[in-house]
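Please open the structure in your viewer and keep the selection panel at hand. The tour below goes from one selection to the next and says what is to be found at each stop.

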Amino acid sequence: MVHVLIAIVTLVCAIQAVRAARLLVSAIWLAGTSALVALEMYLLGAPEIAVIELSVGAGLVTILFVFAINMTGEENFDPRRMMPRPLAASLLMVAGILLLYFILPEIDLSTPGLMPGTFREIFWQDRNLDTFLQLLMIFSGVLGVMGLLEEEKMKKPLSGKERRP
Amino acid sequence: MTISIPTVVITIVLGLLGIGIYALLTTRHLIKVIVALQILVKGAMLALVLAGRMTGSEDLGQSLAITVIIADTIVAVIGMALAVQVRRVIGTLDMRKLTSLRR
């Protein structure tokens, strides 16, 4: 029963995040979606992932969104879409039907797990390439944050050029 | 009528994936695209945890889910840095105006 309730609220939050006209409201609905997904993961027996998802997905990403929205400002858009809504919805329907038709019968849940071992063993030993790649990604993320904060350096040469003539 | 937990979670996963793809197809705002990507990846993450639980290798699923969380966060950070710089240099975040590459 709790799962059904979480499912409904999660999907409502996700739809509102997509539909909201203001970006700030959209970011807050996204944080709600993230928190509910974290709760569902906790109930599925993955508390470590739930904690990381809650702190990173609902906390850090929301703060970054609010920061970026403040820096870019709200922009008024004309209501035309990238693609007409009926076309997008029908494409989505076709994709879903193909998925259900071709992939769902093939799923075999009776096979045992591929990798035995505890979480710690898998994370640090069997999949240490993943861990290394995560370090690389975090490094590139730091570079991304520096790009986000690059305001001063870009303004100075521009104002210098404006003064010359 | 009883509904099993995997059915409910699969419903969440398919719903999140559908909403994410639909938003990616229709939205024109660069920051909204990042919101759509986040929703999409949350669905994938939940699917990984559920798959790990259902096949009995929970730890493998959780290990992959951590990798996905980190990759997703980095994608969001770099996307937002890109959006801020695009807004500063070109002056708009509208994808249609961006595709025409006019200043």
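Begin by selecting I138(A), which is partly exposed at a relative accessible area of 40%, where buried means under 20% relative accessible area, exposed means over 50% and partly exposed lies in between, with a 1.4 Å probe and protein chains only. Before going further, note that this is a predicted model, in which local features need pLDDT of at least 70 and side-chain atom pairs count only at pLDDT 80 or more, while totals for chains, interfaces and linings use all residues. Residues are numbered from 1 along each chain as its sequence is written, chains are lettered from A and ligands numbered from 1 in the order in which they are written, and side-chain values use heavy atoms, with hydrogens and water left out.

With I138(A) still selected, colour helix α6 of chain A, residues 128–148, in which I138(A) has its place; helices here are DSSP runs of H or I with at least four residues, strands are runs of E with at least two, and both are numbered from the N terminus. Now show I70(B) and I74(B), which I138(A) touches when residues up to four places away in sequence are not counted, a contact being heavy atoms within 4.5 Å.

Next, select the whole of chain A, which has seven helices and zero strands. Among contacts in chain A with a separation of 6 or more, 47% are between residues 24 or more positions apart.

Stay in chain A and select Y101(A) and F102(A), which form an aromatic pair of the edge-to-face kind, with 5.1 Å from centre to centre and 85° between the planes. Rings of Phe, Tyr and Trp (its six-membered ring) pair if their centres lie within 6.5 Å, and planes under 30 degrees apart count as stacked, over 60 as edge-to-face and the rest as tilted. Y101(A) counts as exposed at 62% relative accessibility, and F102(A) likewise counts as exposed at 52%.

Move on to chain B, whose secondary structure comes to four helices and zero strands. The radius of gyration of chain B, taken over C-alpha atoms, is 17 Å, well over the 13 Å that the globule rule gives for 103 residues, so chain B is more spread out than a compact globule; that rule is 2.2 Å times the number of residues to the power 0.38. Turn the view along the principal axes of chain B, and its C-alpha trace spans about 55 × 30 × 15 Å. Of the residues in chain B, 55% count as buried.

For the last stop, select Q62(B) in helix α3 of chain B, residues 58–89. Is Q62(B) buried or exposed? At 5% relative accessibility, Q62(B) counts as buried. Show what surrounds this residue, and you will find that, leaving aside neighbours within four places in sequence, Q62(B) is in contact with G45(A), A46(A), E48(A), I49(A) and F119(A).
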